[in-house]
Amino acid sequence: MHPRMKPLLALILPMALGLASESARRRMVVVDADLKMPVRDVQVYTPEGHNLQTAWDGTFLVPDSFSRLTFRHPHFEQRYILSSELQGDTVWLLPVSNALGEVIIWGRRRFDERMANILKPSAEQTLLNQLPQAVPAGPNVLALAGWLFDKTVGKAIKKRSRRKKHQKAMREKEEEYQRKWDMLRDTTLIK
């Protein structure tokens with residue numbers, strides 16, 4: 001071997017081994033389930049301490065050994081895949097359903113203007129309001145009963161109603177996520 005070849009081999013051999021070991025690792029892509037487009041900047045974590053991030057084209061290199069991969073992105077639902085479940089080279093992520101950050105509505109409140117016109121007293125009502133009013137004698141029993149109801153039973157009824165409403169919303173959200181997950185699982189099984 002030529003004497004000048006030894007330093008060159010010493011330089012090229014580690015680089016070639018590094019490329020060979022990297023090419024042996026599996027390359028995967030993360031895709032938006034709705035738009036069918038790659039997703040960049042997805043954080044990929046493993047319990048073994050591997051922290052990865054997808055490139056501009058949604059690709060990342062799968063670690064040599066792992067128990068599960070966790071995918072996180074602010075605009076998508078968090079997902080994890082066990083190593084035994086990993087099939088193919090594509091991971092599908094579902095978009096977050098409440099992705100709106102802020103909504104600003106500009107305009108006049110025409111409802112308030114109409115209500116003010118409706119509630120404006122007529123000329124006849126103004127004259128009646130100027131007459132002296134007779135005050136009924138004794139306590140206002142209906143007002144007292146309404147106040148007692150609000151302070152005792154009313155709060156519990158409102159609280160129960162609010163709780164039922166929130167539970168119904170949560171059940172609907174869970175059913176929606178389950179439908180999306182089933183649809184995603186069915187589409188991945190077909191391919």
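**Contacts and strands**

Q: Where is leucine 119 placed?
A: Leucine 119 is in helix H2, residues 110–119. Helices here are DSSP runs of H or I with at least four residues, strands are E runs of at least two, and both are numbered from the N terminus.

Q: What kind of model and numbering is this?
A: This is a predicted model, in which local features need pLDDT of at least 70 and side-chain atom pairs count only at pLDDT 80 or more, while totals for chains, interfaces and linings use all residues. Residues are numbered from 1 along each chain as its sequence is written, and side-chain values use heavy atoms, with hydrogens and water left out.

Q: Back to leucine 119, buried or exposed?
A: Leucine 119 is exposed, at a relative accessible area of 63%. The classes are buried under 20%, exposed over 50% and partly exposed in between, with a 1.4 Å probe and protein chains only.

Q: Which residues make the nonpolar surface patch?
A: Phe111, Met115, Ile118 and Leu119 make a nonpolar surface patch of about 440 Å². Patch residues have over 30% relative accessible area and no salt bridge; nonpolar side chains (Val, Leu, Ile, Met, Phe, Trp, Tyr) are joined within 5 Å, like charges within 9 Å. The areas are Shrake-Rupley values with a 1.4 Å probe, and for residues only the protein chains shown count as cover.

Q: Different topic. How many salt bridges?
A: The structure holds 4, a salt bridge being a side-chain nitrogen of Lys or Arg within 4 Å of a carboxyl oxygen of Asp or Glu.

Q: What does aspartate 112 meet?
A: Aspartate 112 meets arginine 109, at 3.0 Å from N to O. Aspartate 112 is partly exposed at 37%, and arginine 109 is exposed at 60%.

Q: And what about aspartate 41?
A: Aspartate 41 forms a salt bridge with arginine 40, with the closest N and O atoms 3.4 Å apart. Aspartate 41 is partly exposed at 34%, as is arginine 40 at 47%.

Q: Where do glutamate 176 and lysine 180 sit?
A: Both are in helix H4 (residues 141–190), and because they are 4 residues apart, about one helical turn separates them.

Q: Now the strands. What does S5 pair with?
A: S5 (residues 68–73) pairs antiparallel with S2 (residues 43–45) over 3 bridges. S5 is also antiparallel to S6 (residues 76–82), with 5 bridges joining them. Pairing requires at least two DSSP bridges between the strands.

Q: How many residues are between S5 and S6?
A: There are 2, and the two strands form a hairpin. Leucine 69 stands opposite isoleucine 81 in S6.

Q: Which residue in S5 is the bridge partner of valine 44?
A: Phenylalanine 71 is the partner of valine 44.

Q: How many aromatic pairs?
A: The count is 1. The rings of phenylalanine 60 and phenylalanine 71 have centres 5.9 Å apart and planes at 70°, so the pair is edge-to-face. Rings of Phe, Tyr and Trp (its six-membered ring) pair if their centres lie within 6.5 Å; planes under 30 degrees apart are stacked, over 60 edge-to-face, and the rest tilted.
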